[in-house]
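Subject: Structure handover and notes

Hello,

Please find the structure below, with the sequence. My notes on strands and helices follow it.

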Amino acid sequence: MAAMSGKIVQHGLVAHCYQQDRQLSPKYRKDCCTPYRQNFLPYIRRKLAWTDISTMQLRTFSNLNRGIFYCNATSSSTIIPTVDKSSFLKLQNGSDIRGVAVDGVEGEPINLTEPVTEAIAAAFVAWLLDRKKPVASRRLKVSIGHDSRISAQKLQDAVSRGLFGAGIDVIQYGLASTPAMFNSTLTKNEDFLCPADGSIMITASHLPYNRNGFKFFTDAGGLGKVDIKDILERAADIYKNFTDEGLRDTERRAAQSVKRVDYMTVYTSDLVEAVRKAAGNIEKPLEGFHIIVDAGNGAGGFFAGKVLEPLGAITSGSQFLQPDGLFPNHIPNPEDKEAMKAITQAVLDNKADLGIIFDTDVDRSAAVDSSGREFNRNRLIALVSAIVLEEHPGTTIVTDSVTSDGLTTFIEKKLGGRHHRFKRGYKNVIDEAIRLNSVGEESYLAIETSGHGALKENNWLDDGAYLMVKLLNKLASAKASGVGKGSKVLTDLVDGLEEPAFAVELRLKIDQNHEDLKGGSFRAYGEAVLQHLENIVASDPKLKKAPVNYEGLRVSGFGGWFLLRLSLHDPVLPLNIEAPSNEDAVMLGLAVISAVREFPALDTTSLDKFVQA
């Protein structure tokens, strides 16, 4: 019990330090908080790296060349609280599961506990068995990986127990990327126990340190919203039958049966070979290139040493490659301004040819050229579209709903492709591209402004590392053919992209407790707001509703456009405005305000401030 208390205190102190850390200046964080954080983190980092022998007690498997180990998965003794089905369902976040796994943030109690996690893992097995229907002589196997979060090891062990208790083989990959987890269901390599019948990635993307969650895959791709709801409903039923004695028994038996594999070796080797092939099978096609990686202390640090360096690239100046689940330097998010500022500055300071940045679990990415010009959002979509349309002329590029009119012009007029603007949500965009192909419309790229990009050639997996490989392929092939050296070959590809002088996103929140909802749902209220705005637009000659639109209301006017839509998961109406000037943007904002003022449950504070400023 003393050791257990030490763990609880240690995690609590880390959380407390982090909470204070966020309120302080960068200099104070560096000078005063870092020494304390470093005192706490070795314990946590050892757990992430599987080197705490007292915790994991690894035992070598019979064939050492395979890199497979049996390992003891430990957990704390657990008192099982009551959790009803509605609480399970609240963990759904579209096609993912998200929850609070670490205490320390006021008002955010833990809801992703170890028993809840075990139930979810067992429910995934039940879901999988319904679809795979294996013969009695073969046990299914599921792979598990995690990002750098401080709750990763705890949840990985809980997932392992849930899977084992449901009667399947369990393979732990340790620190991994989300794309690698999907790939493990496709790879055919018995030495690495592949292919897996299913895989689970433990991640909460770029969310704060106290959050965590799960993504699920089979060889058909990532699970969708309906599947996640099904799994959570099953988990709630499984959880009701848990007993403390039963969980302890599963823990004892699972400790002797879980296997560990270094699958990231396979995944990174495939990325390296893809670049070599694009350059005509040259061993070091990136020799002479200086490329910097910023992993944001997430799971993407492997890209520098395991992908770029074997290809001959210089990676000095790369930063934040070590996993640290408190994310002390910046949020690992290619959409975050501070994150992009950090990689841009690193490129300029080191006079590098290219900078690459990943989110926490490496399913999103962005880049920076040698001049410090960012390739993210619309510009990244334009760049990858240019590469794909060279390979597949005339193909359809599927994007989310908030892409710019200038991007449409670039794809259709400059590149000769077709721009199909769909809904927000990476799974929505990917599924729409798959649907278009099924009805005879060729599409090779589905990509969101968030940095999620999936290609047909890569099994429609949104893989941030593979997306950057497409850029590296272009650099390598250009060098091999003598066309050019450096990132200018990439920069030239987006020449002619019209970018708005002014762009803003505002969030209008719906107060679910406001009497104006009259007991109805925030979704119904939001739809009423959109319908009223549509009626106002129809009567205004200065505004024009987009003829084809799949989400919310998109309207052009004053040389720009706005899109008001209902959030996929939250009681929020995000408003995107792009215009040739601040004054034109204000005119579009005023058009929205005139309509939404009639809905008192809608908080328009951010919009009011914008038009008044």
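Strand 4 (residues 96-100) pairs with strand 8 in the antiparallel sense, over 4 bridges. Within strand 8, Gly-213 is the residue opposite Arg-98. Please keep in mind throughout that this is a predicted model.

Strand 9 (residues 221-222) is joined to strand 8 by 2 bridges, and the two run antiparallel. Phe-217 is bridged to Gly-222 in strand 9. Strands 8 and 9 make a hairpin, with 2 residues between them.

What is the burial state of strand 12 (residues 354-358)? 5 of its 5 residues are buried, so the strand is largely enclosed by the rest of the structure. In a regular strand the side chains alternate between the two faces of the sheet. For strand 12, one side carries Leu-354, Ile-356 and Phe-358 and the other Gly-355 and Ile-357, and both faces are covered.

Strand 12 pairs in the parallel sense with strand 11 (residues 291-294), over 4 bridges, and Val-293 has Ile-356 as its bridge partner. With strand 13 (residues 365-369) the pairing of strand 12 is antiparallel, over 5 bridges. Here Leu-354 stands opposite Asp-369. Strands 12 and 13 form a hairpin with 6 residues between the strands, and in that hairpin Val-362 has a positive phi near 70°.

Strand 15 (residues 396-399) is likewise covered on both faces. Thr-396 and Val-398 lie on one side, Ile-397 and Thr-399 on the other, and all are buried. A parallel neighbour, strand 16 (residues 418-421), is joined to strand 15 by 4 bridges. In strand 16, Arg-421 stands opposite Thr-399.

There is also an open sheet of 6 strands with antiparallel pairing, in the order 21-22-23-24-20-25. Strand 21 (544-545) and strand 25 (602-603) are at the edges with a single partner strand each, so one side of each is left without a neighbour in the sheet. The partner of strand 21 across 2 antiparallel bridges is strand 22 (residues 553-557). Lys-545 is bridged to Val-555 in strand 22.

On to the helices. Two packed helices are described by the angle between their axes and the distance between the axes. For helix 13 (residues 377-391) and helix 14 (residues 405-414), the axes come within 10 Å and cross at roughly 10°. An angle under 35 degrees counts as roughly parallel, so helix 13 is roughly parallel to helix 14. On the helix 13 side, the residues in contact are Asn-378, Ile-381, Ala-382, Ser-385 and Leu-389, which meet Leu-407, Phe-410 and Ile-411 of helix 14. By type, the residues of this contact are 6 nonpolar, 2 polar and no charged.

How far apart are the end C-alpha atoms of helix 19 (residues 582-596)? They are 21 Å apart, which agrees with the 21 Å that its 15 residues should span at 1.5 Å a residue. Several residues of helix 19 are buried, among them Ala-585, Val-586, Leu-588, Gly-589 and Val-596.

Regards

Methods
Residues are numbered from 1 along each chain as its sequence is written. This is a predicted model: local features need pLDDT of at least 70, side-chain atom pairs count only at pLDDT 80 or more; totals for chains, interfaces and linings use all residues. Side-chain values use heavy atoms; hydrogens and water are left out. Axes are lines fitted to C-alpha atoms, for helices over the stretch in contact, and angles run from 0 to 180 degrees between N-to-C directions. Angles under 35 degrees count as roughly parallel, over 145 as roughly antiparallel, 65 to 115 as roughly perpendicular and the rest as oblique. Contact means heavy atoms within 4.5 Å. Ala, Val, Leu, Ile, Met, Phe, Trp, Tyr, Cys and Pro count as nonpolar, Asp, Glu, Lys and Arg as charged, and the others, Gly among them, as polar. The expected span of a helix is 1.5 Å times one less than its number of residues. Buried means under 20% relative accessible area, exposed over 50%, partly exposed in between (1.4 Å probe, protein chains only). Two strands pair if DSSP finds at least two bridges between them.
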